[in-house]
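Subject: Structure for your review

Dear colleague,

Please find the structure below, together with its sequence. A description of selected local features follows it.

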Amino acid sequence: MDKQFADYVNQTSDQARLLMRRFMDHGKQMMLRTELWELFKEFCGEEGNEPLLDSPLAVTIHASQEAVLSHPWIYLAVRSRVARWEYIRIHVDNLSMENVTVSKFLCLKEQMVSGHDSLFTLEVDLGPFGRGFPRLRESRSIGRGVEFLNRKLSSELFIGSGEGSKPLLEFLRVHQCQGVQLMLNGSIKTTHDLRQALRRAEDYLETRPKDDAWDQVRVKMEMFGFQPGWGRTVERMRYTLRQLLDILEAPDPSTLETFLGSIPMIFNIVIISPHGYFGQKDVLGLPDTGGQVVYILDQVRALEKEMRRRLSEQGLSIEPQVLVVTRLIPESGGTTCDQRMEKIEGTQNARILRVPFRYSSGEMVNHWISRFEVWPFLERFALEVEEESQKELSCRPDLIIGNYSDGNIVASLLSGRLGVTQCNIAHALEKTKYLYSDLFWRDNEEKYHFSCQFTADLIAMNTADFIITSTYQEIAGKADSVGQYESYGSFTMPGLYRVVNGIDMFDPKFNIVSPGADSSIYFPYSKKKLRMKKFRKQLDDLIFGGRDTPDSRGSYEEADKPIIFTMARLDHIKNIAGFVQWYALSKRLRELANILVIGGKIDPDNSNDAEEREQIKKLHHIIDEHSLEGHVRWLGIHMDKKMSGELYRRVADSKGAFVQPALFEAFGLTVIEAMVSGLPTFATCFGGPLEIIENGVSGFHIDPNNGDGAAKVMVEFFERTKDDPSYWNDISRNSVDRVMKRYTWELYAERMMTLSRVYGFWKFVTNLERDETRRYLEMLYGLQFRTLAQNVPH
């Protein structure tokens, strides 16, 4: 407990006691941070209490994420810094203070829900498994796990001479592909032999032309103990050999990472994404089918290209394979999701493998299933994926990448059975999207089955060798908000189990690797020669067409106004209806601009998703209530990617803007797409866009919970650009520059391939495999998850 805080409370005991009673008299058993802070500010606004606003008491109340009130105690969950928590209680009358355990705090929350204290609740505590394991110390280092590992372990692994380098020697000897031994052969048996061979090889290669290929030096190199994989040319071979000599002489983290990144060890990748309609055409906008599909397809193209580049650079003519494994849906609604195999466009050897869900009888499930209801099918799916993927690859994969909760738990099952490096990508963890979704899990169980999802998340994130996130916030939030992964650090699902230590934010498995946008489709509007002119008339008909256009509503009365564009699926979190409501209530914004909405269907009867139908009706109601027919153009269509790229640019031609109004957005691919097109962007301040956009420089942050404020930001922008057109150009140019420097698929693929090799290395030479943790999680899977999954109706 902070001593300054305790001392200050004692010094201002009368005011502090009144404040505690104010909290208690509020009548709630639990309060969130916003409620606590608002009550505190209200109290400080009263005469004589003003000094409290600038005091240690204010700091603690502001840092308290939630409170549990159980007379005569007020319990606070204090997040004093990012990812650092303590739990305290304060006596309302005598102001005595003490620390409490996280278990006690969670137990109190359970009592508030159930009304009684449970005699026994299963506690999940993964903390003991991390003892002695290297972990970061500083919050600013979170998400830079591989850098930390290389610094921490390289010196420890190579300390001293001789035997200290033996693990690296063993690692270099295990690599082979398609029956061909790579890197080292059996003649090098000790690290002394390795050093000697490196020196001989370097002396020999100095006598050879730098452009000589492996075949021209093979005989001698094999005599020294080397196999293919050191480089395509003599120049590259010498570079790689020198790196290894430098590492053996004096380990440097950067050199080690570069060397490991060049080792040919990733030839076959399996990417798991079970739910939704995973296809390349006519699927976006279908239930549970959106940004994740776009992300993975772009990811595959970038990874295959980078894999091929690295293999070529190391002198290997091996064709890499990438297999996206998803669910086969016989009733596919005219999409390709009923086809077992589909080649991925824009790649040479990547494809989609579809494996069916099956009932316990073995019968195939024919219809689409919500992502919240897939749980009973995943174990059998994983077993079939194991068999089918190896049949397609003719070997086991070298890396398994899971996506979302369902894909990550399948990846955990596969990596455990095959002994393969596992990478997790959450995309969006549902737990932080729904208030108290863990505490009141029973209320949501019939619709969402969060008991399954949160248990699957907990297992998968702890079995993963490394985790990729798009932003820092996804891991650890920011100063005043909790990260998505951080929310799994401690939580409770009353009557099921409580988690006192679920995931460590300082674990070096976390790495930030941000995706990008396909540069062949999404590029600046100013690149006139690259513009897809064939779409111009079709787009103008869609944007400016009349009210009789199919799948549309509204038509602009003043078509020369700038366009504010938004595009997303219609659900509560994406908040498209909320944005239209902001626009409706801002007379000045309506005067300055029109809006273009692309999402959902126009007729709610054409949607088979309950939440989408609700949002469609809400959007119609807002348009009717505020007479927006002449200001809003709503298209209920699913647009081809190439056309959507040109649409961003067409809106930029009008000197318009893009809005991403989500209540929360894990990353924001549409934000990247809009920005790189040169379209000034207004995006939610909750989630990834907060890091993507430099507010007021390369775009604007808006608070989706403050519609008036968001509309005001847009009004100010359009008024300023009306007076000074160069301002629009400045924001547009800065948006493009921001994306090109930090958010491209080329950067993503390069980082991903390096990470997979580095973690593969550490997994081989240390205890990063964490067998004890895996056994503990297998028990949680068998005794909890499997039962919960089978209870989901199917």
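At 44% relative accessibility, Asp551 counts as partly exposed, because buried means under 20% relative accessible area, exposed over 50% and partly exposed in between, with a 1.4 Å probe and protein chains only. The model is a predicted one, in which local features need pLDDT of at least 70 and side-chain atom pairs count only at pLDDT 80 or more, while totals for chains, interfaces and linings use all residues. Residues are numbered from 1 along each chain as its sequence is written, and side-chain values use heavy atoms, with hydrogens and water left out.

Backbone features

Asp551 is placed in the loop between α18 (536-544) and β19. Helices (H or I, at least four residues) and strands (E, at least two) are DSSP runs, numbered from the N terminus. Asp551 is a residue other than glycine with a positive phi, near 55°. Tyr404 likewise has a positive phi, of about 60°, although it is not a glycine. Tyr404 belongs to helix α14 (residues 404-418) and is buried, its relative accessible area being 4%. A cis peptide bond, with omega near 10°, runs from His71 to Pro72. Pro72 lies in the loop between β2 (64-70) and β3 (73-81).

Ser552 and its surroundings

Ser552 is part of strand β19 (residues 552-553). Ser552 has a relative accessible area of 11% and is therefore buried. Which residues is Ser552 in contact with, leaving aside its neighbours within four places in sequence? They are Gly546, Arg547, Ile602, Arg633, Trp634 and Leu635, where contact means heavy atoms within 4.5 Å. Ser552 and Tyr497 are 55 residues apart in sequence, and their C-alpha atoms are 48 Å apart in space.

Helix packing

The axes of helix α8 (residues 191-205) and helix α10 (residues 234-249) come within 10 Å and cross at roughly 150°. This makes α8 roughly antiparallel to α10. Axes are lines fitted to C-alpha atoms, for helices over the stretch in contact, and angles run from 0 to 180 degrees between N-to-C directions. Angles under 35 degrees count as roughly parallel, over 145 as roughly antiparallel, 65 to 115 as roughly perpendicular and the rest as oblique. The crossing of α8 and α10 is left-handed; a crossing has this hand if the near helix is turned anticlockwise from the far one by less than a right angle, and is right-handed if clockwise.

On the α8 side, Leu194, Arg195, Leu198, Ala201, Glu202 and Leu205 meet Val234, Met237, Arg238, Leu241, Arg242, Leu244, Leu245, Leu248 and Glu249 of α10. By class, this contact of α8 with α10 has 10 nonpolar, no polar and five charged residues. Ala, Val, Leu, Ile, Met, Phe, Trp, Tyr, Cys and Pro count as nonpolar, Asp, Glu, Lys and Arg as charged, and the others, Gly among them, as polar.

Leu245, in helix α10, counts as buried at 17% relative accessibility. Not counting residues up to four places away in sequence, Leu245 touches Leu198 and Glu202. Leu245 and Lys166 are 79 residues apart in sequence and 14 Å apart in space, C-alpha to C-alpha.

Helix α2 (residues 13-25) and helix α3 (residues 33-44) pack at an angle of about 135°, with their axes 10 Å apart. That makes α2 oblique to α3. Their contact is made by Gln15, Leu18, Leu19, Arg22 and Phe23 of α2 and by Leu36, Leu39, Phe40, Glu42 and Phe43 of α3. The residues of this contact divide into seven nonpolar, one polar and two charged. The crossing of α2 and α3 is right-handed.

Helix α19 (residues 576-585) is mostly covered, with eight of its 10 residues buried. Among them are Phe579, Trp582 and Tyr583.

Aromatic pairs

The structure holds 43 aromatic pairs. Rings of Phe, Tyr and Trp (its six-membered ring) pair if their centres lie within 6.5 Å; planes under 30 degrees apart count as stacked, over 60 as edge-to-face and the rest as tilted. One of the pairs, Phe454 with Tyr488, is edge-to-face, at 6.2 Å centre to centre and 90° between the planes. Phe454 lies in helix α16 (residues 450-463) and Tyr488 in the loop between α17 (472-476) and β16 (491-493), so the pair ties together parts that are 34 residues apart in sequence. Both Phe454 and Tyr488 are buried. Ring pairs link Phe372, Tyr434, Tyr448, Phe450, Phe454, Tyr488, Phe491 and Tyr497 into a cluster.

Yours sincerely
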